Amino acid sequence: MRSAGRKSATPPTRKARALSETDVASTLQQLIDDLPEQIALLDEECLIVAANEAWKNTAEEHGFPEVMPGHNYRDFCATRAVQGYEPAIEALAALDDFRAGKRSFWQLVYNGRDSWRGRDYQITLHRIWLGGRNLISVTRFDLTEILRLRRAKDDFTTSLIEGQAFERQRMGREIHDSTSQLLAAIGLILGRLRQQLPESEALGLVEEMQELLTDVHGEIRSISYLAHPPSLKKLGLADAVKSLVEGFGRRTGLETSFDIHGDSVPMSASAESMIYRLAQEALSNIYRHAHATRVRLQLRFRRSTAHFVVADDGIGISQETLAGLGGEGVGLASMRSRLAELGGRLSIRTLSPGVAIIASVPSP
């Protein structure tokens with residue numbers, strides 16, 4: 001006796017299954033047609049089984065019927081690879097890895113050629129499953145305007161940093177050339193006054209003023225050096241920082257060191273300028289405020305990031321300064337903001353004693 005309201009389960013017919021797969025494919029086609037990226041779907045043999053309107057329109061506009069549905073995308077890449085086109089060589093190797101089950105994702109940013117010369121693209125391969133089928137999605141996106149804006153921003157940032165460096169150098173020269181001469185004249189006057197004064201309390205005051213004057217001379221030399229340091233463009237980042245640190249140590253009497261760890265990763269000119277600027281700013285702050293005896297700088301390279309560390313054994317950073325890091329102005333707050341523009345970050349770690357400032361910059 002059957003239960004009321006219950007029907008026996010019957011497996012779907014082959015026609016029903018086919019309709020279901022057709023419906024899924026139709027839905028997917030509608031979804032990819034609405035996307036601005038150029039998208040194609042490949043089967044396990046890299047045959048193009050579907051493509052959206054953006055892909056088809058681009059293929060027709062530039063005269064590449066061999067990338068339309070029904071053609072083999074691997075054969076297209078192989079033909080261009082034989083011609084020596086490096087992006088096609090890399091794409092061909094990636095497709096073979098997909099077919100061998102060694103990859104499920106691959107991505108490349110490259111510069112086009114022929115009718116696409118002068119434009120930048122990103123191509124992505126991704127394994128997907130649809131209706132029980134193993135497919136490879138190919139997504140191609142025009143990055144030309146995005147990269148152009150990014151380069152313009154990098155150029156502006158570099159120009160801004162160079163302008164600030166030039167102004168610091170000008171001020172450093174003025175301090176060294178004019179202020180130092182005035183202080184030297186004051187020193188000569190104090191020397192003459194000391195010779196003319198008899199033994200009295202006033203003589204002790206003159207000697208104290210001469211000691212302070214010596215300290216001022218040392219500070220001006222140090223600050224002037226930091227404002228007019230070795231050339232980053234001529235020496236490169238590592239050698240320029242090394243020269244900066246060694247010169248700073250000689251002029252201040254502080255124990256300094258600079259070490260490099262790991263294999264170097266590529267960095268933009270803006271990132272190198274920012275790290276160098278951070279070294280200048282940090283050394284200047286340490287000399288004026290930290291009451292430190294030792295300063296350690298490190299450049300640590302990881303696979304996709306460079307970490308620049310400045311550590312000292314001084315009194316640390318006050319809570320008031322830490323609380324103001326997010327505000328406007330120069331110093332650490334400015335560094336944090338500019339590093340963020342480069343996709344980096346600024347971190348501060350409390351040591352015992354002292355503090356460490358860490359600038360992390362991703363590889364472009």
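This is a predicted model: local features need pLDDT of at least 70, side-chain atom pairs count only at pLDDT 80 or more; totals for chains, interfaces and linings use all residues.
Reader: Why is I48 called buried?

Author: The relative accessible area of I48 is 2%. Buried means under 20%, so I48 counts as buried. I48 sits in strand β2, residues 48-51.

Reader: Which residues is I48 in contact with, leaving aside its neighbours within four places in sequence?

Author: I48 is in contact with A40, L41, L42, V67, M68, P69, G70, H71 and Y73. For Y73, the C-alpha atoms of the pair are separated by 6.3 Å, although I48 and Y73 are 25 residues apart along the chain.

Reader: Is N52 buried or exposed, and how do you know?

Author: N52 has a relative accessible area of 0%. The limit for buried is under 20%, so N52 is buried. N52 lies in the loop between β2 and α2 (53-62).

Reader: What makes the approach of the N52 side chain to the backbone nitrogen of W55 a polar contact?

Author: A polar atom of the N52 side chain lies 3.0 Å from that nitrogen. The cut-off for such a pair is 3.5 Å, and the distance of 3.0 Å falls within it.

Reader: How do you know whether C46 and H291 are buried or exposed?

Author: C46, in the loop between β1 (38-42) and β2, has 0% relative accessibility and so counts as buried. H291, in the loop between α9 and β7, has 64% relative accessibility. Exposed means over 50%, so H291 counts as exposed.

Reader: What makes the peptide bond from S352 to P353 cis?

Author: Its omega is near 0°. P353 is in the loop between β9 and β10. Most peptide bonds are trans.

Reader: Why are α8 and α9 called roughly parallel?

Author: They pack at an angle of about 10°, with their axes 10 Å apart. Angles under 35 degrees count as roughly parallel, so the description applies to α8 and α9.

Reader: Which residues make that contact, and how do they divide?

Author: L237, A240, V241, L244, F248 and T252 come from α8. From α9 come E272, I275, Y276, A279, Q280, L283 and Y287. They divide into 10 nonpolar, two polar and one charged.

Reader: What makes a set of residues a nonpolar core, and which members of the largest one touch the most others?

Author: The members are buried residues of nonpolar types, joined through side-chain atoms within 4.5 Å. The largest such core has 39 residues, and L237, V241, V295, L297, F308 and L346 touch the most other members. At least two residues each come from α8 (237-252), α9 (269-290), β7 (294-301), β8 (305-312), α11 (332-341), β9 (345-350) and β10 (355-362). The most are given by α9, with 10 residues.

Reader: What does L346 touch, not counting residues up to four places away in sequence?

Author: L346 touches L278, L332, M335, R336, L339, I357, I358 and A359.

Reader: Which residues are among those of the other core?

Author: That core lies apart from the largest one and has 29 residues, among them L42, V67, Y121 and L125. In soluble globular proteins, nonpolar side chains tend to be buried together.

Notes. Residues are numbered from 1 along each chain as its sequence is written. Side-chain values use heavy atoms; hydrogens and water are left out. Buried means under 20% relative accessible area, exposed over 50%, partly exposed in between (1.4 Å probe, protein chains only). Helices (H or I, at least four residues) and strands (E, at least two) are DSSP runs, numbered from the N terminus. Contact means heavy atoms within 4.5 Å. Axes are lines fitted to C-alpha atoms, for helices over the stretch in contact, and angles run from 0 to 180 degrees between N-to-C directions. Angles under 35 degrees count as roughly parallel, over 145 as roughly antiparallel, 65 to 115 as roughly perpendicular and the rest as oblique. Ala, Val, Leu, Ile, Met, Phe, Trp, Tyr, Cys and Pro count as nonpolar, Asp, Glu, Lys and Arg as charged, and the others, Gly among them, as polar. A polar contact is a pair of N or O atoms within 3.5 Å; within protein, one must be able to donate a hydrogen and the other to accept it, and residues adjacent in sequence count only if both atoms are side-chain atoms.
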